[in-house]
Amino acid sequence: LQLLHLACVTDNHEEGGRRQLHSLLRNLLISLDTPDDLIEPCIKAINITHDSEADSIRLVAQVLDEIVAGGSEKENCGDDFFLQMRALSVMSILLENIHRLSEDDSIQSMPGLILPAILSTNPKLREQGVNC
């Protein structure tokens, strides 16, 4: 958590360091081992280190696509529920931390994640979908 806060206040103009930081933040968001309370600091760090809000939305949309792809690869695994919950958590925090959405943003996959969650028979998944 302290390193995420430090990433937000450091100079991120050096391209190599910024790419490495984005890669680390991306891996943190995708990993199910990352605690849920680190998702929001990761999203905020992504927002701060990108030049525009559209770029940060694009990166998080790529993360969401990778989470969904991980779920389709492990269809028979019990991790599917946790992957859906992670995707909804990331999406919810992203939507809370952006100022506006435009037509060109890479968010086409978001309704495809929210609607199945709302229609789910699992109460926790349904609640998370409604919160989005």
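## Close-up views of a helical protein

## Close-up views of a helical protein

**View 1. Helix α2 packs on helix α3.** In α2, the residues R18, L21, H22, L25, L28 and L29 make contact with I39, C42, I43, A45, I46 and T49 in α3. By class, the contact holds nine nonpolar residues, two polar and one charged. This is a predicted model. Helix α2 covers residues 15-30, and α3 covers residues 39-49. Their axes lie 10 Å apart, at an angle of about 155°. Since angles over 145 degrees count as roughly antiparallel, that makes α2 roughly antiparallel to α3. The α2 and α3 crossing is left-handed.

**View 2. The whole chain is built from helices.** The protein has seven helices and zero strands. Along the sequence the pattern reads α-α-α-α-α-α-α. The protein has 132 residues, and 39% of them are buried. Take the contacts between residues at least 6 apart in sequence: 67% of these join residues at least 24 apart.

**View 3. Helix α5 crosses helix α6.** Helix α5 runs over residues 79-97, and α6 over residues 110-118. The two axes come within 11 Å and cross at roughly 120°. The helices α5 and α6 are therefore oblique to each other. The crossing of α5 with α6 is left-handed. On the α5 side, A87, L88, M91, L94 and L95 take part. They meet M110, L113, I114 and A117 in α6. This contact consists of nine nonpolar residues, with no polar and no charged ones.

**View 4. Helix α6 crosses helix α7.** Helix α7 spans residues 123-131. The axes of α6 and α7 come within 7 Å and cross at roughly 135°. That angle makes α6 oblique to α7. The crossing of α6 and α7 is left-handed. From α6, the residues I114, A117 and I118 are in contact. Their partners in α7 are L125, R126, G129 and V130. The contact of α6 with α7 divides into five nonpolar residues, one polar and one charged.

**View 5. F81 and F82 form an aromatic pair.** The count of aromatic pairs comes to one. The ring centres of F81 and F82 are 5.3 Å apart, and the planes stand at 70°, so the pair is edge-to-face. The cut-off for edge-to-face is over 60 degrees. How accessible is F81? F81 has a relative accessible area of 23%, and is partly exposed. F82 is also partly exposed, at 47% relative accessibility.

View 6. F81 is found in helix α5. Which residues does F81 touch, not counting those up to four places away in sequence? They are N122, K124 and L125. F81 and K124 are 43 residues apart in sequence. In space, their C-alpha atoms are 9.7 Å apart. L125 also belongs to the contact of α7 with α6.

Key:
Residues numbered from 1 in each chain as written. Predicted model: local features only at pLDDT ≥ 70, side-chain atom pairs only at ≥ 80, totals over all residues. Heavy atoms only, no water. Phe/Tyr/Trp six-rings, centres within 6.5 Å; stacked < 30°, edge-to-face > 60°. Buried < 20%, exposed > 50% of the residue type's maximum accessible area, 1.4 Å probe, protein only. Axes fitted to C-alpha atoms, helices over the stretch in contact; angles between N-to-C directions. Helix = DSSP H or I, 4+ residues; strand = E, 2+ residues; numbered from the N terminus. Parallel < 35°, antiparallel > 145°, perpendicular 65-115°, else oblique. Left-handed = near helix turned anticlockwise from the far one by under 90°. Contact = heavy atoms within 4.5 Å. Nonpolar A, V, L, I, M, F, W, Y, C, P; charged D, E, K, R; others polar.
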